[in-house]
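Keep the sequence and the model side by side.

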Amino acid sequence: MESTTSTLTAETPHRLPAPPVTGPAPDPVDGVTFTFAAVTPELVHQAHRAVTAYCLAGLAGTDREIEAVSDTALIVDELMANVQRHAPGPADLVVTSEPGRWTVLILDTSHREPVPDTDEPGKKECGLGLHLVSQLSESWGSFQTATGKAVWARYPKPTTDTTPQQHQEQP
């Protein structure tokens, strides 16, 4: 029996359109694309590391920035795990950077709309990935493509203001 392995490849900064939103279409932004022949747990881990490195580039590395990047990488993990579970075949992961936010876009070969699990968190062992994505991201959604669907999520970048807030006690 012949075995096949998938490899993670990346095309680095190029111009990509952001996912559709309500209102006027945003200008294209810089981003990175990773293409998968098939999504495997090893490639999900590699994508996590690659997205973390991409998002950290250009940041000062403060605790707040590292936390924001970690949350963005967790969104990638959850969306990639859904692709692995529900959409066998090739997939693309696109991460774009624009002022104030990162956008994660996953394109896969399934036309099945993503549906967040409505059960109370903690009652099931799986199916809560989209619930987590909705809690972590400022917005998320999906749309149909000619070859399947795209699921996207936006996460706010931390502000560059690292000055601690001073709290005064009220008399």
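The model is predicted: local features need pLDDT of at least 70, side-chain atom pairs count only at pLDDT 80 or more, and totals for chains, interfaces and linings use all residues. Residues are numbered from 1 along each chain as its sequence is written, and side-chain values use heavy atoms, without hydrogens and water.

Start with helix H1 (residues 41–56) and helix H2 (residues 63–86). They pack at an angle of about 150°, with axes 9 Å apart. Axes are lines fitted to C-alpha atoms, for helices over the stretch in contact, and angles run from 0 to 180 degrees between N-to-C directions. H1 and H2 are therefore roughly antiparallel (angles over 145 degrees). Contact means heavy atoms within 4.5 Å. Residues in contact include Val-44, Ala-47 and Val-51 of H1, with Val-69, Ala-73 and Met-80 of H2.

Now move to H2 and H3. Their angle is about 155°, and their axes lie 9 Å apart. That makes H2 roughly antiparallel to H3. Leu-74, Ile-75 and Leu-79 are among the H2 residues in this contact. H3 contributes Gly-129, Leu-130, Leu-132, Val-133 and Leu-136.

Next, the core. The largest nonpolar core has 29 residues. Such a core is a set of buried Ala, Val, Leu, Ile, Met, Phe, Trp, Tyr and Cys residues joined through side-chain atoms within 4.5 Å, where buried means under 20% relative accessible area with a 1.4 Å probe, protein chains only. Phe-36, Leu-79, Met-80 and Leu-93 have the most contacts inside this core. H2 gives the largest share, seven residues. Met-80 touches Phe-36, Val-39, Val-44, Leu-93 and Ile-106, not counting residues up to four places away in sequence.

How values were computed: Helix = DSSP H or I, 4+ residues; strand = E, 2+ residues; numbered from the N terminus. Parallel < 35°, antiparallel > 145°, perpendicular 65-115°, else oblique. Buried < 20%, exposed > 50% of the residue type's maximum accessible area, 1.4 Å probe, protein only.
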